[in-house]
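Biologist: Please show me the model, and then let us go through it by question and answer.

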Amino acid sequence: MAEHMEHVEHSEHIGSSSFYWLIWAILIVGTVLTALIARVDLGAFNTVVALLIASCKALIVVLFFMHVKYTSEKMTKAVLIAAVFWLLIMLFLSLSDYSTRYAG
Amino acid sequence: MSDRAGTGTTPLAVEHEDRPELRHHFADVVQQRNAASLGMWWFLGTEIMFFGGMFCGYLVYRRAYFPEFAAGSKSLSLIAGTVNTAVLICSSLTVALAVRASQLGKRKLLVNLLLATMFFGVCFLGIKGYEWHDEYVHHHVPTFYFNAHDLVTDNPNLHLDPQRTKIFYSLYFALTGVHALHMIVGLGIFSVITFMAWRGRFSPEYHTPIEIAGLYWHFVDIVWIYLFPLLYLIDRRPGA
């Protein structure tokens, strides 16, 4: 147990700066890509693609910049997943209501 | 957990006199750090709910008044929106590097990176302010002087309802306004931690304020990552 504690004390993840620059480059490419794809006619998929890229960017920020991938604290992940889950319940139920209740 | 608290060399609930940064109710710095970080994550959970309500209202009205929302979105500056997204991503990079600098105990680098973050934050607000001024000049601010007839005449075959474009601009100003407010709060927090870093208050053992302020900053960045496509890119297809 003592060895385990020793390990925990020094377990804070320190990312390399080149890795953070790589994440930055991916996010910038994603931003430029979103702006460019928006000008291409994909029909209804324009919004889908834009939100998909945004979600990938958000996920990358959460995992690597906010260190969720490296945290030893499971509660952090539980809080994050619960918050996003409740948000999706609110959006999904509200939109399913509004898109079926009225004709127009 | 109780094992860690009970068998540690330092008894529980006694001031750690040799370590002023460790509060007495924590067994060790890791527990203290995790508790602070978790507290920020809970707060960010409430922030998701806070912005979520507005996002939900936005989605409902966007579905109902799509032509007006698309026309309103097209009146926004795509260049300014894209540049602002890039500026915030740069600020997130400097925050991540600042947390790293604090973990390594590099004080000067830490102060410089925090100042760079604040610089990007001010740039963002400057560009945003420029856009708002542009919309004010065009009478697109939803007040008594609101006028969206330029949108109606620009899109003659869509037969837009100016009152419905007002809903778009109301949501646009509410969302970007609240986001900008979060940026201003973030700048305030970063001013404080920059001062603390400059005074040498942080070390590899204690840099929790940097870390949790960083979490907040990244969150505000993520909100903008969604606001950008939702507000600026509703329908940018050529000829649409």
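**A buried serine and a chain interface**

Modeller: B:Ser102 is buried, with a relative accessible area of 3%, where buried means under 20% relative accessible area with a 1.4 Å probe, protein chains only. This is a predicted model, in which local features need pLDDT of at least 70 and side-chain atom pairs count only at pLDDT 80 or more, while totals for chains, interfaces and linings use all residues. Residues are numbered from 1 along each chain as its sequence is written, chains are lettered from A and ligands numbered from 1 in the order in which they are written, and side-chain values use heavy atoms, with hydrogens and water left out.

Biologist: Which backbone oxygen does the side chain of B:Ser102 reach?

Modeller: B:Ser102 has its place in helix α4 of chain B; helices (H or I, at least four residues) are DSSP runs, numbered from the N terminus. Leaving aside neighbours within four places in sequence, B:Ser102 is in contact with residues including B:His207 and B:Ile210, contact being heavy atoms within 4.5 Å. At 2.7 Å, the side chain reaches the backbone oxygen of B:Val99.

Biologist: What is the area buried between chain B and chain A?

Modeller: The size of an interface is often given as the accessible area lost when the parts come together. Here 53 residues of chain B are in contact with 55 residues of chain A. Buried area is the accessible area (1.4 Å probe) that two parts lose on being put together, summed over both. Carbon and sulfur atoms give 74% of this area, which is about 4,800 Å².

Biologist: Which residue of chain B forms a salt bridge with A:Asp41?

Modeller: A salt bridge is a side-chain nitrogen of Lys or Arg within 4 Å of a carboxyl oxygen of Asp or Glu. The count between chain B and chain A is one. The closest N and O atoms are 3.0 Å apart, and the partner of A:Asp41 is B:Arg237.

Biologist: Which helix gives the largest share of the side of chain B that touches chain A?

Modeller: Five residue pairs, both at pLDDT 80 or more, are in polar contact between the two chains. In chain B, α1 (2-7), α2 (29-64), α4 (78-104) and α8 (208-232) each supply at least two residues of the side that touches chain A. The largest share, 19 residues, comes from α2(B).

Biologist: How many helices are there in chain A?

Modeller: From the N terminus on, the elements of chain A run α-α-α-α. There are zero strands in chain A, and the helices number four.

Methods: Polar contact = N/O pair within 3.5 Å; in protein donor to acceptor, adjacent residues only side chain to side chain. Buried < 20%, exposed > 50% of the residue type's maximum accessible area, 1.4 Å probe, protein only.
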